[in-house]
Amino acid sequence: MKNILGIGAGYVGGPTMAMIAKKCPEYRVVVVDINPQRIVAWNSDQLPIYEPGLLELVQSARGKNLFFSTDIPKHIAEADIIFVSVNTPTKTFGLGAGKAADLQYWEKTAREIVKYSKTPKIIVEKSTVPVQTALAMQRILDANEAGIHFDVLSNPEFLAEGTAIRDLEYPDRVLIGSHETESGLKARDVLVNLYANWVPREKILATNVWSSEMSKLAANAFLAQRISSINSLTPFCEITGANIEEVGKAIGMDSRIGHYFLKPSVGFGGSCFKKDILNLVYLCEYHGLKEVATYWEQVVLMNEYQRTRFTRRILSAMFNTVAGKRIALFGFAFKANTGDTRESSAIRIAQELWQEHAKVVITDPKALDNARIDLKDILADIVLEPDPYQAARGSHAIAIITEWDEYRTLDYAKLYQSMEKPAFIFDGRNILKHRALYDIGFNVYPLGKPPLIHFGK
Ligand code: NAD
Ligand code: UGA
């Protein structure tokens, strides 16, 4: 039996390796991490991340051909193929701070591979990295004194949280970048055959390494750009009486535009969009492409604008003061069906409302533990409440931050009864029935539509 190792047991490494184990019973798959608590959790039924269908997937393979371990040296030594899914966050120090990718975890992994390897291996770059990172990886690996041969492939991951299992099982495409050398192409075939266990061949796309690395950054940049584009039109709609839902539908029906990623929001969150665009911006600046850098940076700046605009709208609607007013944030995760709060717009909105001396109450079905960590500096002044009805009780306003399905079907008449009057709803995801809420008595502020208010503007 051949051995696959996954280094990094996070949102990508855990689910991806579990899917490979399930679909490729001829391989023994081990996932390692430097964080022992994460490994303990992966070995339990309280997985370290929430993802629909993940527990069942892990349970179907764990102990058979899927194992989680902290013994990195042993498993590097045994592996034939190593997938590297360690984190590549934005650098917070030195040159490129705030934009460039921090490659320290990734480089440490490369050095560990060199240190513990005794046999040739295929190294698969799954983390999202700057273009040409595979070259640096290859150079570090080739510097091994034992003369071991390593082939580096780029195989970026396109899964989205909340739908990760479906995305892994039925990917739109699998991208494999390799060098055009004999051994590079041989390594590529090994990976193609691995994926061909469950992915149709025509969806497995082979490119050169740099195109593969670039395509990952480009895909995230394009997706985020669509959100910023639709969000940029929301204030315009609110002023003019145009309706962003109607606009989104009308432009999305043009098959050249398409309807995906045109939902207006409080701003995109998640660990990757901002980080990957800023990484692209940094690379452009590094290569002297100032205009290109400015173009892409605007996608992130528009997102920041949308977040702050949401808080300012709350403030101005509520008579320019929220001091002492209880405001219930419905949702803290960066999107529905995940407990992940990395870069969630909720963090900024909670902080800005707190700065205005509002009494912020946060409810979320899966993300309150992470909210506790994200807001640790202001936690003494914040209430975390799992029950939305309790969160709304005595509040002046509800702000929908995350599009959890359960927020669509709450008894809003009951919520209204328990709130201070005048009661406000700010729908940062446009998931509610605005006219019905208005009829109950709420003053309703959707995104990209004029507000429905019971008193003069
Ligand atoms: P994560 O922080 O959840 O997981 C990374 C894991 O790597 C952590 O558990 C960390 O302890 C571990 N790690 C770091 N250094 C290590 C080392 N030297 N040895 C062993 N383990 C080590 O990150 P993530 O969200 O899984 O993202 C990983 C990569 O995948 C990033 O480059 C990200 O851009 C990319 N990506 C993420 C997503 C997503 O949805 N989260 C989707 C596609 C791509
Ligand atoms: C995104 C990409 O969709 C994945 O393909 C990619 O692999 C991943 O980033 C990554 O590289 O990490 P993810 O961040 O998990 O996945 O989730 P998305 O569904 O893309 O949503 C990102 C953010 O955009 C969320 O805050 C979401 O609420 C927001 N969004 C999404 C909108 O505001 N409007 C939309 O129409 C769609």
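Start by selecting Pro422, in the loop between helix H17 (412-417) and strand E13. Most peptide bonds are trans. Keep in mind throughout that this is a predicted model.

Now step along to strand E13 (residues 424-427). E13 pairs with E14 in the parallel sense, over 4 bridges. Select Ile425 and look across to E14. Its opposite residue there is Val444.

Follow the chain on from H13 to Phe319. Phe319 sits in the loop between H13 and strand E9 (326-330). Check the backbone here. Phi of Phe319 is near 65°, which is positive although the residue is not glycine. Most residues other than glycine have a negative phi.

Next, colour by domain. The domain assignment gives domain 1 as 2-207 and domain 2 as 318-446. Their C-alpha centres are 37 Å apart. Where the two touch, domain 1 supplies 7 residues and domain 2 supplies 7 residues. On the domain 1 side of that contact, 4 residues are nonpolar, 1 is polar and 2 are charged.

Move to ligand 1. How many residues are around ligand 1? There are 26, and Gly8, Gly10, Tyr11, Ser127 and Thr128 come nearest. Select helix H5 (residues 104-116) as well. H5 gives the most to this shell, with 3 residues. Colour the shell around ligand 1 by class, and you get 10 nonpolar, 11 polar and 5 charged residues.

Then go to ligand 2. Its surroundings comprise 21 residues. Pick out the closest: Lys263, Ser265, Phe268, Gly270 and Cys272. Which helix provides the largest share of the shell around ligand 2? Select helix H9 (residues 209-232), which provides 3 residues. By class, the shell around ligand 2 holds 11 nonpolar, 6 polar and 4 charged residues.

The chain has 18 helices and 14 strands. Its radius of gyration is 24 Å, close to the 23 Å that the globule rule gives for 457 residues, so the chain is as compact as a globular protein of that length. Along the principal axes, the C-alpha atoms fill a box of roughly 75 × 50 × 45 Å.

How values were computed:
Residues are numbered from 1 along each chain as its sequence is written. Chains are lettered from A and ligands numbered from 1 in the order in which they are written. This is a predicted model: local features need pLDDT of at least 70, side-chain atom pairs count only at pLDDT 80 or more; totals for chains, interfaces and linings use all residues. A residue is near a molecule or strand if its C-beta atom, placed from the backbone, lies within 6 Å of it. Helices (H or I, at least four residues) and strands (E, at least two) are DSSP runs, numbered from the N terminus. Ala, Val, Leu, Ile, Met, Phe, Trp, Tyr, Cys and Pro count as nonpolar, Asp, Glu, Lys and Arg as charged, and the others, Gly among them, as polar. Two strands pair if DSSP finds at least two bridges between them. Domain bounds come from an automatic or database domain assignment. The radius of gyration is taken over C-alpha atoms; the globule rule is 2.2 Å times the number of residues to the power 0.38.
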